[in-house]
There are 2 protein chains.
Amino acid sequence: MSRLALIAGAGELPAELTAALETPPLVCALEGVAPAGLAVERAFRIERLAPFMRQLADEGIAGVVFAGAMQRPKLDPALFDRETAALVPRMMAMMQGGDDALLRGVIALFEEYDLPVQGLAVLAPQLLAGTGVLGARPPCDAEAADAARGLAILEALAPVDVGQGCVVCAGQCLGIEALYGTDALLTDVARNRPLRAPAQGGVFVKRAKRGQDLRVDLPTIGPDTIAAAAMAGLSGICLQAGHVVVLRRAEVLACAEAAGLALWAMP
Amino acid sequence: MSRLALIAGAGELPAELTAALETPPLVCALEGVAPAGLAVERAFRIERLAPFMRQLADEGIAGVVFAGAMQRPKLDPALFDRETAALVPRMMAMMQGGDDALLRGVIALFEEYDLPVQGLAVLAPQLLAGTGVLGARPPCDAEAADAARGLAILEALAPVDVGQGCVVCAGQCLGIEALYGTDALLTDVARNRPLRAPAQGGVFVKRAKRGQDLRVDLPTIGPDTIAAAAMAGLSGICLQAGHVVVLRRAEVLACAEAAGLALWAMP
């Protein structure tokens, strides 16, 4: 089988994916991005994206897989080569849109250069939460009901491209994930909830946005998520099965058990 | 015209409403609740709600108006009279539901005791934001676009009974109001946004939830809201015309002007 190129972002997911693949990928990263525990073999810049993609294709790279957190980079107009410069109007249009539009645009670009974008969910499904109880404890009835309410809230938000997560306790919505992500949501709930009952219990629900392209942007939890949920007084975490990466799984399960959290995934 | 009873909650709205009414109402409040700048003529307890309502009706009170913030009170089973005790199963069922269900239940109870519940929006429309620019400055195009996106997000949430407010900047949703209310939302955005661009600008959108009974529960802003929006780096506040109370209006307008905020209301 020929080699894939891994476009690695920040965090530990690129290293976990590399370990899960039979054939080690060519590890690429934007200049300045340092994936944890992984040596970058090829750094690239957006301003020279066209030659970067062309070189990968010329070397016989069979496809590309994205893993890890990416930020929108700042661009230096002086650094563009002619071919990449011709792509700038399209890039600008992509950047004006939401995250989903940007990622779909990036995928289309790579595929035009004969680099099919492959999904982490297909290449390494063992990194995702599968259906069922992941931790030691199944959810109680109240937790299952809060999870169902949370899923309904996120489902309602899907058409407006918001909401990978929310927190529900006793049917009341304590918070909804927006631009600042899961950690900010759980920290906000931890700080706000002493002000008003109910002060304990509740479930964090995490899912992919409907329409989100899972080849490039997978919701992710890790040991930090468990710790933040426990700090927020929650008693459960419900994931969308097959759509959420569980980083450092053994540690996640141990943390959930230590905190008495129900951790489960539903289709 | 015969007299109304005002069920006064916390904050300044009860006093503003009293000043706006031609006939001063009978000021009632739950024991322990102190509306600002207003003497309570009759304190009552939920455990004796039936005799309280019966007495109002017997005295010829023509109806009831609610104003001010209420919290779900703790109940002491020893204090119930027999008639109110018979209402407990209904009260419990009401308290299990969301805020809207609870308020609809409370309205139904008062009306069964011949005390029609009147809306502040009808009695004193001058306390609400009317359509148009309230402050010195109309919204710019970007602010109007962010407001439209915010309204779309809140509209999407209406079926799940969440969301009186949200913050949008350059099309991105920075936060959605949940159980902890407007102040918590704006404080959370103020703390989170230095972490990630865009760090300045954006609009806070405030509206009633669809299906919210405006006779009992009106979204409210005041000078503190303007200050919190400015602290969060926002440049505009868009209200739903005819559905949001503006407390201490002169001060609100002065604060918005001082902060350079566009403050406007749309149908």
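The model is predicted, with local features needing pLDDT of at least 70 and side-chain atom pairs pLDDT 80 or more, while totals for chains, interfaces and linings use all residues. Residues are numbered from 1 along each chain as its sequence is written, chains are lettered from A in the order in which they are written, and side-chain values use heavy atoms, without hydrogens and water.

**Exercise 1.** Work out which parts of chain B the pair Arg207(B) and Glu155(B) ties together.

*Solution.* Start with the rule: a salt bridge puts a side-chain nitrogen of Lys or Arg within 4 Å of a carboxyl oxygen of Asp or Glu. Helices (H or I, at least four residues) and strands (E, at least two) are DSSP runs, numbered from the N terminus.

**Exercise 2.** Decide whether Glu143(A) is buried or exposed, and find its salt-bridge partner.

*Solution.* First, Glu143(A) has 6% relative accessibility and so counts as buried (under 20%; exposed is over 50%, partly exposed in between; 1.4 Å probe, protein chains only). Then look for the partner: Arg137(A) meets Glu143(A) in a salt bridge (3.0 Å, N to O). Finally, Arg137(A) is partly exposed, at 28%.
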